[in-house]
Amino acid sequence: MIAFLVKRVGQSVIVLIGVSIIAFILEHLLPGGPAKAILGGRASPFQIAAFNHANGLDKPIWEQYFVYTGNLLHGNLGRSYKLNQTVNSVLATDLPKSIILVGSALILSLIIAIPVGIFQAVRRNGIYDYAATSVSFLLYSMPSFWLGIILILAFAVNLHIFPSEAPQGQTIGAIITNPRAMFLPVITLTLVSYASFTRYMRSSAIEALAQDWIRTAKAKGLSQRVILFKHMLRNALIPIATLVGLSLPSLITAGVVTESVFNFPGTGFRFINAANTEDYPLLLGIIIVIGVMTVVGNLLADITYAVLDPRVRYR
Amino acid sequence: MPLLEIDDLYTNIRLKQGEVKAVGGVSISINAGETVGLVGESGCGKTMTGMSIMRLLPASGYIASGKVKLDGRDLVAISEEEMRAVRGNDIGMIFQDPMTSLNPCLTIGSQIAEAVALHRKVKKAKAMERAIEVLNLVGMPKPQERINDYPHQLSGGLRQRVMIAMALSCEPKLLIADEPTTALDVTIQAQILELLDSLKDQLGMAMLLITHDMGVIAGRADRVVVMYAGKVVEQASTEEIFASTNHPYTEALLASIPKMDGSVARLYSIPGIPPDLSNPPTGCRFADRCRLASDQCRDNEPPLVTNDQNHSFACFHPVGIEANHVKITLKVEAEEIQRIEHADRKPLMVLEHVSKEFDITKGAILQRKAGTLKAVSDLSLTIYDGETIGIVGESGCGKSTTGSMMVALEKPTSGKVLFNGEDLFGHKPKELRLIRSNLQLMFQDPYASLDPRMSVGTIIREPLDINKIGTSQEREKKVISLLSEVGLSSRAVERYPHEFSGGQRQRIGLARALALNPKLIVADEPVSALDVSIRSQVLNLMKDLQRTHGLTYVVISHDLSVVRFLADRIGVMYLGKLVEIGTGYDIYENPAHPYTAALLSAVPEPEPEREKTKVRKIIKGELPSAINPPSGCRFRTRCERATDLCAKEEPPMTSFGALHQAACHFPLISKVEIRTGAAAF
Ligand SMILES: Nc1ncnc2c1ncn2[C@@H]1O[C@H](COP(=O)(O)OP(=O)(O)OP(=O)(O)O)[C@@H](O)[C@H]1O
Ligand code: SF4
Ligand code: SF4
Ligand SMILES: [Mg+2]
């Protein structure tokens, strides 16, 4: 188990170094380099040279990379010249809100998808199974912005049950204390990830239920409930743990889209704005942070996997 | 009153179209403490009968009618809730494959304890104590420590012990054992059967032993029930059924099993295949394959009648009763039994000190070498033109690896393989291909080894195409002639493998192997995926083809009776080493190596008297790992005769007769001095 963890962490570090190199190269590939991006198209060559010298951009490229990663390791993501704020302080206000949005959607979708998937597996090819399958296919085929707009039209514009906009406060408090306004964005994201989770849960449960050891458990006289939740569930969750890890990037992408559909003041919203205003340091800062979170998420998924599956743990 | 009484049971399984009548009116009774053996070919409804008793049928299966009375209570009629209290408590069940029958995510202790906690209504800690107790009972070494192990940490034999412990934890009155040893090696099979027998006596329970192996039945069952196509065809005490068989099916089944004493040169084979149970024939279901069938049999169903010996059978023309229906006699033709004179033969293939090691790696990304698995170690063997060599041994002993090196599929780590005096691996790839056409491999699994998307004609023609032999018409002609040689009609050319039965597919495999007129065919477990009656057809065919084509065979099998039937000389392997080699007589009647003797005594034979009285030398323990084999003699960890010398020095191959050699410091028979000239193996 320890060896397994060490290996996993090692791999994660390698991936992160890769992410930082790519982000660094992207920043330097920009036409005219960071200086032009920051000072604007009309900056004179003299201004650019002065800026480059002031920011160490005239040093050899590898030296710049070490300075850059050194800063990253100290948690310093650079400075947004457009907002005249450090990237760190921008993320410090935005990121927790996005985590709450995506995290609650992830948890909620698992809470719904796992039991529904099991139910479908037990009653497979029955009427409920077909109904649930149709629903998840429908959701699966729908882009998240489209789903968000439909929900706004239905619940905000027509029925007036929920507001069409996410809570607008700057603090986390403002977000948590307004669950009504949080409802539609969270549900949009939940439905998007629910669709694939439930399909996987169904097939993984069907596979587990067909195993010989399920027959052994029945031959012991165990009840259906014990067989499902003690014997089957754990085995069926093993592939789901991997799936959750793998689907983090797409969940985050959907989060970005959802935030802009609902005007949610989170990192995704900020990301779109930064792209529109060509605020490259902020853009890259966000990419690095999302990269780190994805890698950590995958690591957690692998650890869950190992906890669930003794064949991985004892190797 | 019997403990269990199955009365006219009908069980069906719904299909997309129609229904399989898996069990068609079966009545069986089992008394307390009695072992009843249920035998028959694959698909005859044995498992479904067992599952009907437990009411654990597949989702699409149901009991159409009939009663299953346990102590007078009809299990078919009670609620699911009441049935759950019976399962695991009054009736325990163990299944065929211990590798897949345990939950990989739960410890073995908790899997046993949960049954105890459920039925005995005790706390978890108490249930765990009981789990240790039963693990001890089934001979699990150090149960206290093993209790927290997960199934994948145990070998197959130990897992089957866990299964048994689980089934017995609540001391059921009846144990249903469905092929409990089919997936295990003979030596482990002997351990498990012995264990079941002694536990049955200790706990005074009854047992329904489901198996396709007549040998297992002969030694363990008090009474035998023979099923065919969903029906009971014959039923009697074990001695009675073997000594005075009445039903032609039972008789044919027994006659198709090769004998361990090598006394038959040809096997009886039942023509055809069992009927399709979704549309069973009217009249006697065996009529299409029965040598005694009459019109009466095809129109009417024979009733199950019982005579005064409590022997019942369902047949209009029972064997041995009507005067003109004599028993099947298997004539031994002098010409065939004649053993080959090896002095006249020339060596075809020579293995010189051949070893094969595989690297074992750990880790997915950074693959570190974690050791080497010594699959075959320093093996020397000469194969003579036209003979059949058998290679036997437990799984993992290196049989198949040896076979792959003989057909140049695997390159030895050291040593030489000489074919007609030339080193197989000293050639350029092009020359090797030419030589390879002389060496063919016949696979174990007729299902997996034929490409399902290729027609049978294409499959057989492929080797000819690849080697560009003859014109297109000549190739077509050759395919047809090969098909007729293996007993298939020329119409098979356009059909696909899935349209054929297992035995027929194995014939297709043989036809393909023969296409290039090879000299040597290595048959790796040629019949182990086949049913007894089909098996005998393929075995007879292999013998015929050898004579007509002048083939040399290497037959690899874990089944000692198959090897005895086919082979002139037999090599015994243990953990990568050839430990003994000799003629069939040398090995089976006069073994020198303790392992050979133990292996032989572990094989159950279809002869009740012999089986029930035989003193079994059961090999204890498990096969050691081939990564770290024991020093000196590799068998010493399980050998009764082992001494310090065996640990220190590896025993050399010594001669016990002209063709008989073994490697043991303390052999079971005395060595002989060999006259010069003959000891060249
Ligand atoms: N799940 C299933 N669906 C459809 N048919 C089935 C199913 N299981 C078994 N059958 C059919 O029921 C019949 C009896 O099968 P059963 O498994 O009892 O045979 P068996 O005697 O135990 O054979 P084996 O020696 O191969 O274990 C066969 O014709 C088989 O094809
Ligand atoms: S009834 Fe007829 S067909 Fe059936 S087994 Fe007897 S002799 Fe053969
Ligand atoms: S050499 Fe020793 S341990 Fe090996 S088989 Fe002979 S007696 Fe047994
Ligand atoms: Mg079966």
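A backbone N or O atom of B:Gly45 lies 3.0 Å from an oxygen atom of ligand 1 in this predicted model, a polar contact being a pair of N or O atoms within 3.5 Å; within protein, one atom must be able to donate a hydrogen and the other to accept it, and residues adjacent in sequence count only if both atoms are side-chain atoms. Oxygen atoms of ligand 1 are also approached by side chains: an N or O atom of B:Ser42 is 2.6 Å from one, and a polar atom of B:Lys46 is 2.7 Å from one.

The model is predicted, with pLDDT of at least 70 required for local features and 80 or more for side-chain atom pairs, while totals for chains, interfaces and linings use all residues. Residues are numbered from 1 along each chain as its sequence is written, chains are lettered from A and ligands numbered from 1 in the order in which they are written, and side-chain values use heavy atoms, with hydrogens and water left out.

The shell around ligand 1 holds 15 residues, of which B:Ser42, B:Gly43, B:Lys46, B:Thr47 and B:Met48 come nearest; a residue is near a molecule or strand if one of its heavy atoms lies within 4 Å of it. Strand E2 (19-30) and helix H1 of chain B each give two or more residues to this shell, and H1(B) supplies the largest share, three residues. Helices (H or I, at least four residues) and strands (E, at least two) are DSSP runs numbered from the N terminus. By class, the shell around ligand 1 has eight nonpolar, four polar and three charged residues. Here Ala, Val, Leu, Ile, Met, Phe, Trp, Tyr, Cys and Pro count as nonpolar, Asp, Glu, Lys and Arg as charged, and the others, Gly among them, as polar.

Ligand 2 is surrounded by 13 residues, the closest being B:Cys284, B:Cys290, B:Cys297, B:Cys315 and B:Phe316. Its shell divides into eleven nonpolar, two polar and no charged residues. Around ligand 3 there are 13 residues, with B:Cys633, B:Cys639, B:Cys646, B:Cys664 and B:His665 nearest; the classes are nine nonpolar, two polar and two charged.

Chain B contributes 31 residues and chain A 24 residues to their contact (heavy atoms within 4.5 Å). About 2,400 Å² is buried between the two chains, 59% of it on carbon and sulfur atoms; buried area is the accessible area (1.4 Å probe) that two parts lose on being put together, summed over both. Eleven residue pairs are in polar contact between chain B and chain A, both residues at pLDDT 80 or more. On the side of chain B that touches chain A, H3(B) gives the largest share, six residues, and the classes are 17 nonpolar, ten polar and four charged.

Two salt bridges cross this interface, a salt bridge being a side-chain nitrogen of Lys or Arg within 4 Å of a carboxyl oxygen of Asp or Glu. A:Lys220 and B:Glu114 meet in a salt bridge at 2.7 Å, N to O. The whole structure has 34 salt bridges over all chains. B:Arg223 and B:Glu34 form a salt bridge, with the closest N and O atoms 2.7 Å apart. B:Arg223 lies in strand E9 (residues 223-228) of chain B and B:Glu34 in the loop between E2 and strand E3 (35-39) of chain B, so the pair ties together parts that are 189 residues apart in sequence.
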